[in-house]
Amino acid sequence: MIEQRIMFQVGSISSIPQSHLCISCGSCAGICPKGCISLEINRSGTLLEPKVNEFQCIHCGLCTSVCPGAGWDAGGLTPNTHIGESVNYLGRVVSCYVGCSLDEGIRMNSASGGIVTELLIYLLENGCVDGVIVSRMKKGSLLETETFIARTKAEIISSQKSIYCPVPAGKILSEILTEKGKFAFVGLPCHIAGLKKAQRINKPLTERIVITIGLFCSRTPNYKATENLLKNVDVNKDQVHTLEYRGRGHPGKLRIVLRDGSEIFVDHLDNRYWGYAFLYYFKPIRCWVCHDHSAMLADISCGDNWIGKDPFKHDQKGSSILVARTQFVESILSQMKETQKILIERVSAQEIVNSQDLKNKSNLMPRMNLMHLLKKEVPTNSPLVDDQVSTMYFLPSLFEYITIRISNSGLNDSVMNCYIHFSYMTYKLKHNSILKKGSKLVDIMKGGINALKTEKLDIQGCEKYRNKIVIIGGFGWKDIGDEAMPHGVIHNLRKRLKDLDIVMLSPDPEFTESFHKERSIQDANFLSIGRNSNFFGKLKVFCATSLFIFGAYMQRYNIRLKLWPNARRILDEISNATLLFNNGGGNLNSIMPEELYKKCSLYWATKILKKPVIISGQTIGPFYHRFDKIYAKFCLNQVDFISFRDKNTSHNRLQDIGVTKPIMVDAADDAMTIPKISREKAIELLMSEAPNEWLESDAQNCVVMNLKGSMSLFQVSNQKMQEDSIIKVMAQISDALIEKFNSKIFYLPTDYSEGVDDRVLHQQIWSQMKHKERVFCIENEYDDSTLKGLVSLADYAIGSRYHFCVFAASENIPFLGIAHGIYQKTKLKGLADLCGTAQCYFSEDISLENYEAIWGAVVQLIEDSGTIKEALSHTVPILKEKSLLGVKKAEEIIHAR
């Protein structure tokens, strides 16, 4: 009876969307011999649906015969190449694995482990296929995708990451029929089904598509899903330049790059994203009644690893599950493992079924019964499943159906959001223990009550020094460029002021004390709040900030609240200090809300305690959240002095949000005046690192270069240059410098932190060069004074790290700053503007440009080097003097006491 209920007879392709069974796969448009089917967004703005030009249509029926929306016979379409046992919800299975790519760049830039990307590259580079059919977001269009034949490694990498909107991959069938060669095809279960149905009636497609890679799928969110998410993070879709749905490890983040270069991140499991809204809403009806969530017809299927299998347990970099169904795939995986392209470990098929919740996802019986009751048509499925879940889930299925229809109806956004928010609160009450949440509230209240207890004010020992300065900033993360800023401040304070106590607030006090030889205490991390923190996280930080500020008010009147040890010590230090000094950096913006709110709250508390606040050598902004602007305006209007390091940009941003009360001046970076090691010592170090062939080369000039190691974490998908392309271009530039200007080159890292180490990218550049003997990469770790001394040995400096360029500028070395993202571009442009050397800044984002454009900027740098040196000789002494404005203001305040 169930089989009779679910039968759906296809009349014409137009009947599929009318019955809400279209999934925007594009197979009908791809197979049409007359090209008379176009795909257009439907009236509700949720899906792409076929529109037939009736004047051209010859009524051949091919479009309806390949449509997976009407359903498919999984048994009849399973290729005879598939071997192994038949497993419920997975189809034929030879073996199952959990694994990842051993290329860290590919792995971190992927949605889950990078296995699919690595497999496609291996197939292409080893001649198994002539191209691979993949999909990506279309450049310059927010929600438009493109499916294309990738014929290079770079093109394959450009298609990394998941896409959570309709993808009409089947449209490419018509292109495949005109191409010669063998291809691999990557798609969702419905894309694979449409392809298999087309291959059954078109033999050339079978000859051209020799391997299919299926992606595990629970549903394809419609267009309204992304539009709703953008509204919930206060982003106008017209402002969006690029959208990445997944990446950065497991489970990853959504990344929104705005047209001004600023970036917004949303955790994958945020309730506005896959934590709730995408999970329960914006699901097409056809996905809801789909029986195949593991791409059973594909030769190999891949998906997120939720098993937690060693060695991938608790691994934040991401890993994949794999289901191999042919001997060919099994042999390819074995070869990739042997050649150390991938790391894989066997798992059981049942582990995959359980971890992916496939039994529940394929619980079609109650859904089919409900659709029959509502007299709705459903697809013809042959699911190859023996044990369906009980029909007792009728009421939950009814609720699901209602939410699906509502979110596909084109309902007003505000009404839709209210409905989702209400259902989310109901969901939280259902799935979370009220007592547990109540317990958290009680703990927060207890902590607050305990913090309000008073202690005797004890300032014994605080008068050891006549003057004390508390220093905050972006230091403590082992980025040597960031350590150079407090170094410059401390160096000059010590020169000008005697009997001075310095206390540094650091996330790593032990490292800071070791590096700067100054007293350090734990930073006020309890004041930090991430953009995507949950309710209780935000409540905890709100309460901590309120208590901290209240504690400052009480301490102002000699009432010392107990608070908690970290907060207590910070307030004690500030209350007995002469002033608070925020050394140079770029923490005050919406890109890093954790730092913005921490720093602003410290300014506020300091002013309550009637202590001056100096903010020196800053890059400030951008601000794109309303409350960020309000809080920044309130707190920054209470400080005494702000100096900038980017000539007008930061000043204008503060004026735009209403900051007018502090003294604000354009200055320069605090690191401009750090001391450097002697030239003799620098030469000795360089000679100890450089190979003999480099030292003995008869080069006419020496170039020091740098590439920012963290660039691998901030790649923008669908742009012309991914990390591999940037590395290739830097290698080409290095070779061209050697060939055309007889240069020799050394690559100098300034950040050694795990995950963003410059040396990793430097070695990759060197490995791709032709003239390796004329280039070497410095591998040892050095402090800022040593790095500045090494830079001073070069004739030219070309790099992407800001302080690398600051070191060059301060030594009158012609430099070229090549930037990625609005934050870095603002800093490097500001440096070039301050120096009066426009040639020292490459104005386009490095990830958007090609070799010719960057090389042109390098040639101009060398040709104008004389002019640049002359300009630097005049401006750098002025900038060094300006970089002392914050220190001089501190000196003025201390002497005025």
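The tour goes from the confidence of the model to its nonpolar cores and then to its cysteines.

Begin by colouring this predicted model by pLDDT, which averages 85 over the protein chain, with 89% of the residues scoring at least 70. Now select residues 458-463, where the pLDDT is below 50 and where the stretch has 3 contacts beyond near neighbours in sequence. Go on to residues 712-721, whose pLDDT is also below 50, although in the model this stretch has 49 contacts beyond near neighbours in sequence.

Next, select Met 705, Ile 733, Leu 737, Phe 746, Leu 748, Leu 790 and Phe 815, which touch the most other members of the largest nonpolar core, a set of 81 residues. Then select residues 723-741, which form helix H31 and supply the largest share of this core, 9 residues. Centre the view on Phe 746 and, leaving aside its neighbours within four places in sequence, look for its contacts, among them Leu 686, Trp 694, Met 705, Phe 776 and Leu 790. Another core of 70 residues lies apart from this one, and you can find it by selecting Leu 229, Leu 258, Tyr 273 and Phe 278, which are among its members.

Finally, select the cysteines: how many disulfides does the structure hold? It holds 0 disulfides, and Cys 57 shows a case in which the nearest cysteine sulfur, that of Cys 36, is 4.7 Å away. Cys 57 counts as partly exposed because its relative accessibility is 22%, and Cys 543 counts as partly exposed because its relative accessibility is 25%.

Note on methods: Residues numbered from 1 in each chain as written. Predicted model: local features only at pLDDT ≥ 70, side-chain atom pairs only at ≥ 80, totals over all residues. Heavy atoms only, no water. Core = buried A, V, L, I, M, F, W, Y, C linked by side-chain atoms within 4.5 Å. Buried < 20%, exposed > 50% of the residue type's maximum accessible area, 1.4 Å probe, protein only. Helix = DSSP H or I, 4+ residues; strand = E, 2+ residues; numbered from the N terminus. Contact = heavy atoms within 4.5 Å. Disulfide = S-S within 2.5 Å. pLDDT = per-residue confidence, 0-100.
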